[in-house]
Amino acid sequence: MNEPSDLDPSHLRRDYRRGELLESDVARDPFVQFAKWFADAQAGGVVEPNMMVLATVDGAGSPSARAMLLKEVHDGAFVFYTNYGSRKAKELEANPRAAMVFFWGQLERQVRIEGRVQRNSREESEKYFHSRPRESQIGAWASRQSESIASRAELEKRDAEIEAKYAGQVVPLPDFWGGYRLIPSVIEFWQGRPGRLHDRVKYERQRDGSWQIRRLQP
């Protein structure tokens with residue numbers, strides 16, 4: 001007899017037929033290709049097309065992953081922001097390499113990115129921080145990200161205290177909050193195809209800075 005918590009999604013199946021991805025059609029620069037696909041995701045009605053899964057590894061080799069938002073693609077890097085005391089930040093300090101995955105289901109597309117990570121400058125982080133809604137700025141101060149807390153009420157109390165502290169003032173950038181830049185060494189574009197014979201095109205950075213393009217088997 002199955003336990004009430006058993007789950008069997010093996011019968012769920014969908015055939016992908018929306019498009020194709022051929023080496024002859026892709027841009028030579030993966031950032032150009034990413035920009036094209038990102039624009040397609042926006043035009044295709046993908047909800048929060050900048051949502052991605054970020055995977056990190058701690059000093060002992062244990063992985064973790066979480067969904068978060070890409071905030072910029074600039075100067076050869078993918079940029080995101082977080083609390084520098086969070087689990088992801090501590091793992092990046094111990095092992096400054098990470099992977100990102102974007103999945104745009106409506107378009108049957110996925111992009112995988114791997115590379116090294118470094119902190120943004122404080123000036124870059126400050127510029128972005130002050131572009132955020134005020135309540136998000138307050139929230140950055142109120143939350144000690146990834147630490148345990150006794151209750152929701154305690155978090156809301158701290159948020160209200162921070163709001164009162166900076167009432168009528170510009171909210172400053174916390175020392176413990178800022179951006180990271182993932183500088184890719186590998187970017188892979190995946191297009192779903194019928195019969196699970198998906199298209200996979202991989203860009204790999206060479207020592208001279210150029211990109212090698214290869215097709216991978218599905």
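Predicted model: local features only at pLDDT ≥ 70, side-chain atom pairs only at ≥ 80, totals over all residues.
Accessible areas, as I use them today, come from the Shrake-Rupley method with a 1.4 Å probe, and for residues, only the protein chains shown count as cover. On that basis the accessible surface of the protein comes to about 12900 Å², and 49% of it belongs to carbon and sulfur atoms.

Residues are numbered from 1 along each chain as its sequence is written, and side-chain values use heavy atoms, with hydrogens and water left out.

Let me begin with the overall layout. The protein has five helices and nine strands, where helices (H or I, at least four residues) and strands (E, at least two) are DSSP runs numbered from the N terminus. Read from the N terminus on, the elements run α-β-β-β-β-α-β-β-α-α-α-β-β-β, and the C-alpha trace spans about 60 × 60 × 40 Å along its principal axes. Of the 218 residues in the protein, 38% are buried, and by buried I mean under 20% relative accessible area, with exposed meaning over 50% and partly exposed in between, using a 1.4 Å probe and protein chains only. If we take contact to mean heavy atoms within 4.5 Å, then among contacts between residues at least 6 apart in sequence, 64% join residues at least 24 apart.

As for charge, there are 34 positive and 32 negative side chains, and the centres of the two sets lie 2 Å apart. Here Lys and Arg count as positive and Asp and Glu as negative, with His and the chain ends not counted, and the place of a charge is taken as NZ of Lys, CZ of Arg, CG of Asp or CD of Glu.

Now to a pair of helices. Two packed helices are described by the angle between their axes and the distance between the axes. How do the axes of helix α4 and helix α5 cross? The axes of α4, residues 134-142, and α5, residues 152-165, come within 9 Å and cross at roughly 115 degrees, the axes being lines fitted to C-alpha atoms, for helices over the stretch in contact, with angles running from 0 to 180 degrees between N-to-C directions. On the α4 side the contact is made by Arg134, Ile138, Gly139, Trp141 and Ala142, and on the α5 side by Leu155, Arg158, Asp159, Ile162 and Glu163. Within α4, the residues Gln137, Ile138, Ala140 and Ala142 are buried, and what covers the buried residues of α4 includes β4 (77-83), α3 (122-129), α5 and β7 (177-191).

In helix α3 we find Glu126, which counts as partly exposed at 32% relative accessibility, and the C-alpha atoms of Glu126 and Trp177, 51 residues apart along the chain, are separated by 9.3 Å. In strand β7 we find Pro184, which is buried, with a relative accessible area of 1%. Pro184 and Phe31 are 153 residues apart in sequence and 10.0 Å apart in space, C-alpha to C-alpha. Leaving aside neighbours within four places in sequence, the residues in contact with Pro184 include Phe31, Phe78, Ile113, Arg205 and Trp211.

The loops come next. Most residues other than glycine have a negative phi. Asp75, in the loop between β3 (72-74) and β4, has a positive phi of about 55 degrees although it is not a glycine, and at 64% relative accessibility Asp75 counts as exposed. Ser146, in the loop between α4 and α5, likewise has a positive phi, near 80 degrees, and Ser146 counts as exposed at 55% relative accessibility.

Finally, which residues have their place in the loop between β8 (199-205) and β9 (211-216)? Gly209 is found there, and at 37% relative accessibility Gly209 counts as partly exposed, while its C-alpha atom is separated by 21 Å from that of Ser24, 185 residues apart along the chain. Arg207 also lies in the loop between β8 and β9, and at 91% relative accessibility Arg207 counts as exposed. Arg207 and Leu173, which are 34 residues apart in sequence, are 37 Å apart in space, C-alpha to C-alpha.
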